[in-house]
Amino acid sequence: MIIDLRSDTVTQPTPGMREAMFSAPLGDDVFGDDPTVNALERKAATMFGMEAALFCASGTMTNQLAIRTHTRPGDDVICDQLSHVYLYEGGGISVNALASVSLAKGERGKLTPDLIREHIYSPADPHKPLSRLVVLENTMNKGGGCYYTVPEIAAIRRTCTENGLLLHLDGARLFNALVETGEPTEAYGQLFDSISICLSKGLGCPVGSLLLGKADFIKQARRFRKLMGGGWRQAGFLAAAGIYALDHQVDRLKQDHARARRIGAFLERLPEVQEIFPIDTNIVIFRLPETILATDYVDQLATKGIRSVTFGKHLVRFVTHHDFTDEHLAEMELLLNRH
Ligand SMILES: *Cc1c(COP(=O)(O)O)cnc(C)c1O
């Protein structure tokens, strides 16, 4: 039995999802003709109270399109030093948007109104880049899957509005936050200028992310997507998986969170585990002593059939997901106890 906890992207489509994919009506999406892509975009926009949506190949693409569309060359983007848009998108902000970045140091990667204010440049000072956009990440991957609540985001929104800043959400795992807080999707549409959500993470789709925003913004982002080679044709096969996931695979994320907390309980009993980050959603990060390298530890776990990733020199990350079952959990407990 292979227990694959490297990421929540490693899932296989379920029989129901495959059936939905194979029976989807198709058309050429570059001509706006794919009824399934159009239905997914409409469904997601409506769900979040946004005007429009754009279906893309990846979360990196939706984030990069948002940043490119919101900014002009020389503008400055404020985000946390641990954020995906900065650390894990190949330096794309500087390449795609020709924008600079101001990095805040939030608690577990979360920004606050005060932290944002510290990084806003005076628009009257010609020496400085123009602060234009703030990017939040929810849940926060490098922060161990911690999340913002709507009141926290509303305070950040006020700071952005007072200072003429736009606000984008990297919501690759937004539904993991929403099933924990019970907050409605519509609240998010009112707080952000744009939102990116991933279908290929906890929702279990093979491919795909959505960018949500105002109609004009999405029209411009669609133009940039084409320019980047991201226009696709009968993408309805993939969009059908997205519709299926939004209908059937959101509530079950709670099970991933419960299993992550169970893993945390096993880890507490292991002598080599020095610290476990708080487990708020489906991400478990733990610290090893200075004498054990995370790379060695991950290799050792792999020989036992448990796949994980390093998250720093002495940090290891597990992510629970749709295909990690109670049987895997029980087997993992046995393996770790013997470890
Ligand atoms: C996975 C992820 C993305 C998007 O990644 P892709 O692999 O490009 O789809 C964006 N932000 C966060 C926080 C992520 O975890």
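Two strands are said to pair if DSSP finds at least two bridges between them, and this definition is needed for the sheet described further down. The structure is a predicted model, and its chain is divided into domain 1, covering residues 12-248, and domain 2, covering residues 252-338.

- The centres of domain 1 and domain 2, taken over C-alpha atoms, are separated by 28 Å, and the contact between the domains takes 19 residues from domain 1 and 16 residues from domain 2.
- The size of an interface is often given as the accessible area lost when the parts come together. For domain 1 and domain 2, the area buried between them is about 1,500 Å², and 53% of that area lies on carbon and sulfur atoms.

**Polar and charged links across the interface**

- Across the interface of domain 1 and domain 2 there are 7 residue pairs in polar contact, with both residues of each pair at pLDDT 80 or more. On the side of domain 1 that touches domain 2, the residues divide into 6 nonpolar, 9 polar and 4 charged.
- The count of salt bridges between domain 1 and domain 2 is 1.
- Arg108 and Asp280 form a salt bridge, in which the closest N and O atoms are 3.0 Å apart.

- Strand 10, made of residues 283-287, runs antiparallel to strand 13, made of residues 315-319, and the two are joined by 5 bridges.

**Two details of the backbone**

- The peptide bond that joins Asn138 and Thr139 is cis, with an omega of about 0°, and Thr139 is found in the loop between strand 5 (130-137) and helix 7 (150-162).
- Leu98 has a phi near 50°, which is a positive value in a residue other than glycine, and Leu98 lies in the loop that runs between helix 5 (92-96) and strand 4 (100-104).

Technical notes. Residues are numbered from 1 along each chain as its sequence is written. This is a predicted model: local features need pLDDT of at least 70, side-chain atom pairs count only at pLDDT 80 or more; totals for chains, interfaces and linings use all residues. Side-chain values use heavy atoms; hydrogens and water are left out. Domain bounds come from an automatic or database domain assignment. Contact means heavy atoms within 4.5 Å. Buried area is the accessible area (1.4 Å probe) that two parts lose on being put together, summed over both. A salt bridge is a side-chain nitrogen of Lys or Arg within 4 Å of a carboxyl oxygen of Asp or Glu. A polar contact is a pair of N or O atoms within 3.5 Å; within protein, one must be able to donate a hydrogen and the other to accept it, and residues adjacent in sequence count only if both atoms are side-chain atoms. Ala, Val, Leu, Ile, Met, Phe, Trp, Tyr, Cys and Pro count as nonpolar, Asp, Glu, Lys and Arg as charged, and the others, Gly among them, as polar. Helices (H or I, at least four residues) and strands (E, at least two) are DSSP runs, numbered from the N terminus.
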